[in-house]
Amino acid sequence: MSIMGTASYAGAQGLPEIVTAAVALADELGFASSCRLEQGRLLHALAAGATARIGETGTGCGVGLAWLVAGRRPGVRVVSVERDAQRAARVSELFADVPDVEILHGDWTRINDCDPFDLLVVDGGGNGKRGGAADPEQLLRAGGCLVIDDFTPMIEWPPVHSGRPDSARLSWLEHPALLAAEVRLAPDLSTIVATRRP
Ligand SMILES: C[S@@+](CC[C@H](N)C(=O)[O-])C[C@H]1O[C@@H](n2cnc3c(N)ncnc32)[C@H](O)[C@@H]1O
């Protein structure tokens, strides 16, 4: 979890308006765990490649969602799932006038009811770190992209977490349906980016 994610926006200039609004909501609700600025910029760039559908698990206060919306092409639909009722309601209000955006309240597994995505950001449930993992063969179209945020940069192989092989990270890096790479976004932050094999 990006413990200091919301704080990473302090003093940032030139942000898309909707990102600034989502950060303000996170500040208002005292929600510290928004995606970091570096991750947001990655989502912004990746969103531009989607042609039909983008998904996200773990909406938080909508900061990552705002980056996705700011980067997407017109008409691309974005769905995000959040289990916290207050956050889901407030983010729904924030995006109420933005077309083709839907916030689902509930467990991340609600994303399984959606059609396959061009881009899926797994950021709250479904990342395999604590519990179940999203199934890229079900949730991504062939050639679709999966993003799993918030890893400490890998410094050895196999990667280790709390003294043991990091099974969550390995499950993504070695997933048979994916071509995956760890991308270092900052000295203390990595993300896994993966493409579903055809
Ligand atoms: C790291 S924050 C998400 C940050 C957000 N994606 C952003 O970019 O700013 C994780 C969010 O996932 C939500 N969450 C955690 N487990 C979940 C689950 N099983 N289903 C749905 N949401 C979940 C939490 O309530 C929290 O709001």
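The account below begins with the ligand and then turns to the protein itself. The model is a predicted one.

**Ligand surroundings**

There are 19 residues around the ligand, and Cys35, Gly58, Glu82, Trp108 and Asp123 come nearest.

| Residue | Ligand atom | Distance |
|---|---|---|
| Glu56, polar side-chain atom | nitrogen | 3.1 Å |
| Asp107, polar side-chain atom | nitrogen | 3.0 Å |
| Asp123, polar side-chain atom | nitrogen | 2.7 Å |

The ligand taken alone exposes 600 Å², of which the protein buries 92%.

**Helix H2 and its cover**

Helix H2 spans residues 37-47, and its buried residues are Leu37, Gln39, Gly40, Leu42, Leu43 and Ala47. The cover over these buried residues includes one helix, H3 (63-71), together with the strands E1 (53-57), E4 (117-122), E5 (140-151), E8 (178-186) and E9 (189-196).

**Backbone features**

Most residues other than glycine have a negative phi, and most peptide bonds are trans. Some places in the model depart from this pattern and are described here.

The peptide bond that joins Trp157 and Pro158 is cis, with omega at about 0 degrees. Pro158 belongs to the loop that runs between E5 and strand E6 (160-161).

Asp150 is not a glycine, yet its phi is positive, at about 70 degrees. This residue is placed in strand E5. Is Asp150 buried or exposed? Asp150 counts as buried because its relative accessibility is 16%, which is under the cut-off of 20%.

Ser162 also has a positive phi, of about 50 degrees, although it is not a glycine. Its position is in the loop between E6 and strand E7 (164-165). Ser162 has a relative accessible area of 66% and is therefore exposed, the cut-off for that class being over 50%.

**Aromatic rings**

How many aromatic pairs does the structure hold? The number is zero. A ring does, however, take part in an arrangement with a charge: the charged end of Lys129 sits over the ring of Phe151, at 4.2 Å from the ring centre.

Methods
Residues are numbered from 1 along each chain as its sequence is written. This is a predicted model: local features need pLDDT of at least 70, side-chain atom pairs count only at pLDDT 80 or more; totals for chains, interfaces and linings use all residues. Side-chain values use heavy atoms; hydrogens and water are left out. Rings of Phe, Tyr and Trp (its six-membered ring) pair if their centres lie within 6.5 Å; planes under 30 degrees apart count as stacked, over 60 as edge-to-face and the rest as tilted. A charge sits over a ring if NZ of Lys or CZ of Arg is within 6 Å of the ring centre and within 35 degrees of the ring normal. Buried means under 20% relative accessible area, exposed over 50%, partly exposed in between (1.4 Å probe, protein chains only). Helices (H or I, at least four residues) and strands (E, at least two) are DSSP runs, numbered from the N terminus. Contact means heavy atoms within 4.5 Å. A residue is near a molecule or strand if one of its heavy atoms lies within 4 Å of it. A polar contact is a pair of N or O atoms within 3.5 Å; within protein, one must be able to donate a hydrogen and the other to accept it, and residues adjacent in sequence count only if both atoms are side-chain atoms. Accessible areas come from the Shrake-Rupley method with a 1.4 Å probe; for residues, only the protein chains shown count as cover.
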